Amino acid sequence: IRENLPPGTLVTTLRAIDADTGAFGELRYMVLEQVMGDPTMGDGRDAFAVNRSSGELRSRLTFDYERAKAFQLLVRATDAGNASATVTVRVLVTGEDEYDPIFLSPSFNFEVPEGARKGQSIGRVLATDEDEGADGVVLYALAKPSPYFAINQTTGIIYLRVDSQPQAGAGRAKREPREMSLEVQARSPLPTSRVASAQVTIDVTHTSFGLAPD
């Protein structure tokens, strides 16, 4: 069952088979008071209700994946002669993407050092996500490809795609401060993921990035 669904949501229909006909073939379902089993499972007695005649199992609560990920309950089917069978039911709660990723800062500032080479790291962005499971995994990407920079999708490290290529000669143009801007996005690997963005400003004064050849 997905988290955040309203109470009364149908989870499944339990069905036992009795070979008797007539009244002795009619079954009544109930959740047993005592639940035995995996201690990591939540107690399902208060979380679910079973329809006595149809066996429909419905939620009694709205579930939060971040608080409880699974429940276990024991259901008994009894006929008019008090013959019975029991079944263990495990219900897994699945998460939704409830929270936006959040960058630790709305903007980041880095510098390409003089003589930096292809593959060299120049800085790292970091975002967090309060979701758990796959929705809480944060992956990074550049909003637009850059000929000079790339980002590691799992670590958030921004690195050089090319050598910094200092401008020939120590002319005035080289010393004038120059900056480039990138937009970095954070999202989960799921296609319906929420997305957050941060601006990255990179000092490229010590490079020939963006300059026309002499």
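User: Happy to dig into this one with you. Where is D97 found?

Analyst: Welcome! This is a predicted model, and D97 is found in the loop between β7 (84-92) and β8 (102-103).

User: How do you know that D97 has no salt bridge?

Analyst: The nearest side chain of opposite charge, R194, is 4.4 Å away.

User: Which backbone nitrogen lies 2.8 Å from a polar atom of the side chain of D97?

Analyst: That is the backbone nitrogen of R194. The cut-off for a polar contact is 3.5 Å, so the 2.8 Å between these two atoms falls within it. D97 also touches several residues beyond four places away in sequence, including D129, D131, D135 and S188.

User: What makes D100 and R194 a salt bridge?

Analyst: Their side chains meet at 3.3 Å, N to O. The limit is 4 Å, so the pair qualifies.

User: Why is R194 called partly exposed?

Analyst: R194 has a relative accessible area of 35%. Buried means under 20% and exposed means over 50%, so 35% lands in between. D100, at 40%, is partly exposed by that reasoning too.

User: Why is R117 called exposed?

Analyst: Its relative accessibility is 52%, and exposed means over 50%, so R117 counts as exposed. R117 forms a salt bridge with D163, the closest N and O atoms being 3.3 Å apart. R117 lies in the loop between β9 and β10 (121-124) and D163 in the loop between β14 (157-160) and α1 (172-175), so the pair ties together parts that are 46 residues apart in sequence. D163 has a relative accessible area of 25%, so D163 is partly exposed.

User: What makes K69 and E132 a salt bridge?

Analyst: The N to O distance between their side chains is 2.5 Å, which is within 4 Å, so the pair counts. It links distant parts of the chain, with K69 in the loop between β5 and β6 and E132 in the loop between β11 (127-128) and β12, 63 residues apart. K69 is partly exposed at 34%, and E132 is partly exposed at 31%. By this rule the count comes to 6 salt bridges.

User: Is D64 buried, partly exposed or exposed, and what surrounds it?

Analyst: D64 has a relative accessible area of 27%, so D64 is partly exposed. D64 lies in the loop between β5 (56-59) and β6 (70-78). Leaving aside neighbours within four places in sequence, D64 is in contact with E3 and E98. The backbone nitrogen of E66 lies 3.0 Å from a polar atom of the D64 side chain.

User: Why are β9 and β12 called edge strands?

Analyst: They belong to an open sheet of 4 strands in the order β9-β16-β15-β12, with mixed pairing. The strands β9 (107-111) and β12 (139-142) each pair on one side only, so they are the edge strands.

User: How do you know that β12 pairs with β15?

Analyst: Pairing takes at least two bridges, and 4 bridges join β12 to β15 (residues 179-187), so these strands pair, running antiparallel. The bridge partner of A141 in β15 is Q185.

Notes
Residues numbered from 1 in each chain as written. Predicted model: local features only at pLDDT ≥ 70, side-chain atom pairs only at ≥ 80, totals over all residues. Heavy atoms only, no water. Buried < 20%, exposed > 50% of the residue type's maximum accessible area, 1.4 Å probe, protein only. Lys, Arg positive; Asp, Glu negative; His and termini not counted. Polar contact = N/O pair within 3.5 Å; in protein donor to acceptor, adjacent residues only side chain to side chain. Contact = heavy atoms within 4.5 Å.
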